[in-house]
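Thanks for coming. I will take a few minutes to walk through one structure, so please have it open as I go.

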Amino acid sequence: MFLSVFDIFKIGIGPSSSHTMGPMTAAARFLDDLRGGAEKIPGAGTLASVQATLHGSLAFTGKGHATDRAVLLGLSGLEPATLDPDDAERVVEDVHKTKTVAPPDLPTLGFDPEKDLIFDYGPPLEGHANGMVLRAYDTVGNMYHIETYYSVGGGFVMTEAELRAERDGVSVTLHAEKEALNFPYPFGTAKEMLQMGAASGKSIAQMKRANEQTIHGDDLDRGIDTVWKAMDDCISRGLTQEGILPGGLKVRRRAAKIHSALQSERGNNLAQPHVANDWLSVFAMAVNEENAAGGKVVTSPTNGAAGVVPAVVRYYRDLCVGANDDGVRDILLVAAAIGGLIKHNASISGAEVGCQGEVGSASAMAAAGLCAALGGTNEQVENAAEIALEHHLGMTCDPAAGLVQVPCIERNALGAIKAVSAASLALRGDGQHFMPLDNCVKVMLETGRDMNLKYKETSTGGIAVNIPEC
Ligand code: SF4
């Protein structure tokens with residue numbers, strides 16, 4: 001599967017790509033099935049109502065991650081990229097009041113959130129920790145259509161059949177797809193990426209650009225600029241908002257206050273050198289506070305880890321000597337290349353491999369991107385990604401109260417700091433290093449598979465069960 005820069009960086013809403021954007025996207029696909037009349041169960045009458053059952057992590061932490069709201073919105077026909085937050089509030093109220101959903105180009109369908117949105121706290125479905133079954137019924141309660149979806153991280157959604165097909169024949173399918181689309185640099189591993197770079201004399205950014213142009217042609221830069229603008233707007237908005245984040249943990253937003261302190265310290269000769277870390281932190285925290293509040297964010301590669309890449313890009317743009325627009329584009333292209341490799345060969349889902357797959361992947365992506373923009377060789381870029389990922393290995397996902405707040409907001413700040421350090425360390429070397437990125441990605445997957453379920457976005461262990469009463 002070729003993952004475009006626009007698959008990795010999707011503009012959407014918070015607080016979670018797997019728990020908010022994924023279920024909305026699944027609902028949109030289900031509505032499309034109903035519109036197309038696909039797989040209507042034989043003997044079913046007139047379409048009349050819908051029902052959703054959430055399994056695994058979607059059930060355990062769905063309320064904290066606003067999955068319930070996302071399902072209502074998705075079944076009402078709203079989609080993450082185009083959602084208007086004010087409109088969304090009205091739609092949620094209407095669904096609760098009328099106990100129906102009214103998706104475009106379909107009849108109004110019965111859906112009582114109290115009865116028809118089911119949180120199944122039993123064992124997760126076999127396919128993935130984030131499972132969701134959508135059912136439609138006719139007027140007398142006969143099954144009309146049923147589909148199982150998995151939200152596999154970063155807002156990506158697969159049906160049961162798609163997931164099985166990918167697991168059964170990954171290499172053949174991937175190879176065939178690459179051949180069919182004729183990408184000039186079809187690398188599926190970091191090793192292949194370095195080999196193709198050496199053979200062609202191209203940088204990773206140039207190879208990724210050439211691949212993307214196969215699909216997006218002359219629109220590529222405009223699209224990347226739109227992604228960066230959405231990231232930058234999110235930082236800017238987060239730096240001005242104050243108050244308590246929703247969800248009941250009473251977590252106070254901190255980015256605005258820290259930012260105003262940093263601004264007033266500008267030009268102070270006595271400022272400590274580590275203040276640069278505070279700038280990185282505040283940019284990341286601004287994004288993750290916006291995400292926690294359900295604001296507009298860009299998956300990077302997920303919502304929970306959405307602060308790392310934007311913080312590093314803004315750090316590059318505001319603080320690095322010689323920064324320019326091409327450098328910003330290169331960061332995002334290279335970050336997407338690394339994110340694609342990690343998703344393809346392991347996972348970017350906290351429910352599947354813990355936070356090493358979310359903030360760890362984001363940090364590796366940002367490190368590689370920054371290293372490239374600062375003139376690193378391909379080997380140094382691969383080294384930067386490996387350093388950042390290696391030092392997130394084993395990191396669990398145990399968000400307090402199932403909310404993407406503690407530890408997630410600060411964790412993004414630290415992920416951004418590690419990314420810059422990793423890029424800098426790699427730039428001080430010659431690209432030769434002990435652990436190849438591919439091996440590190442494999443270790444992440446194996447560690448994630450061995451990780452106890454209570455540390456994989458179920459909020460049943462770790463930080464989630466060791467917080468003081470609020
Ligand atoms: S702990 Fe990490 S993986 Fe888990 S929700 Fe928070 S950011 Fe995502």
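This is a predicted model: local features need pLDDT of at least 70, side-chain atom pairs count only at pLDDT 80 or more; totals for chains, interfaces and linings use all residues.

Let me begin with a pair of helices. Trp228, Met231, Asp232, Cys234 and Ile235 in H10 meet Pro310, Val313 and Arg314 in H13. Sorted by class, the residues of that contact are 6 nonpolar and 2 charged, with no polar ones.

A second pair is H12, residues 275–292, and H18, residues 408–427. How do their axes cross? The angle is roughly 140°, and the axes come within 8 Å. That angle makes H12 oblique to H18. The crossing of H12 and H18 is right-handed. On the H12 side, the contact is made by Asn277, Leu280, Ser281, Ala284, Met285, Asn288, Glu289 and Ala292. On the H18 side, the residues are Cys408, Ile409, Asn412, Ala413, Ala416, Ile417 and Val420. By class, the contact of H12 with H18 has 10 nonpolar, 4 polar and 1 charged residues.

How many residues surround the ligand? There are 13. The closest are Gly304, Gly350, Cys355, Cys397 and Cys408. The shell around the ligand divides into 8 nonpolar, 2 polar and 3 charged residues.

Next, the domains. The domain assignment gives domain 1 as 18–160 and domain 2 as 182–465. Taken over C-alpha atoms, the centres of domain 1 and domain 2 are 30 Å apart. In the contact between them, domain 1 puts in 18 residues and domain 2 puts in 22.

Which elements supply the side of domain 1 that touches domain 2? Helix H2 (17–36), helix H3 (57–60) and strand E7 (143–153) each give at least two residues. The largest share, 3 residues, comes from H2. By class, that side of domain 1 has 5 nonpolar, 12 polar and 1 charged residues.

Last, some points about the backbone. As background, most residues other than glycine have a negative phi, and most peptide bonds are trans. Where are the cis peptide bonds I want to show? One joins glycine 14 and proline 15, with omega about 10°. Proline 15 sits in the loop between strand E1 (11–13) and H2. Another cis peptide bond joins valine 406 and proline 407, and there omega is about 15°. Proline 407 is in the loop between helix H17 (378–390) and H18.

The other backbone point is alanine 66. Alanine 66 has a positive phi of about 65°, although it is not a glycine. Its place is in the loop between H3 and helix H4 (67–75).

The loop between H17 and H18 holds proline 407.

Key. Residues are numbered from 1 along each chain as its sequence is written. A residue is near a molecule or strand if its C-beta atom, placed from the backbone, lies within 6 Å of it. Ala, Val, Leu, Ile, Met, Phe, Trp, Tyr, Cys and Pro count as nonpolar, Asp, Glu, Lys and Arg as charged, and the others, Gly among them, as polar. Two residues are in contact if their C-beta atoms, placed from the backbone, lie within 7 Å. Helices (H or I, at least four residues) and strands (E, at least two) are DSSP runs, numbered from the N terminus. Domain bounds come from an automatic or database domain assignment. Axes are lines fitted to C-alpha atoms, for helices over the stretch in contact, and angles run from 0 to 180 degrees between N-to-C directions. Angles under 35 degrees count as roughly parallel, over 145 as roughly antiparallel, 65 to 115 as roughly perpendicular and the rest as oblique. A crossing is left-handed if the near helix is turned anticlockwise from the far one by less than a right angle, and right-handed if clockwise.
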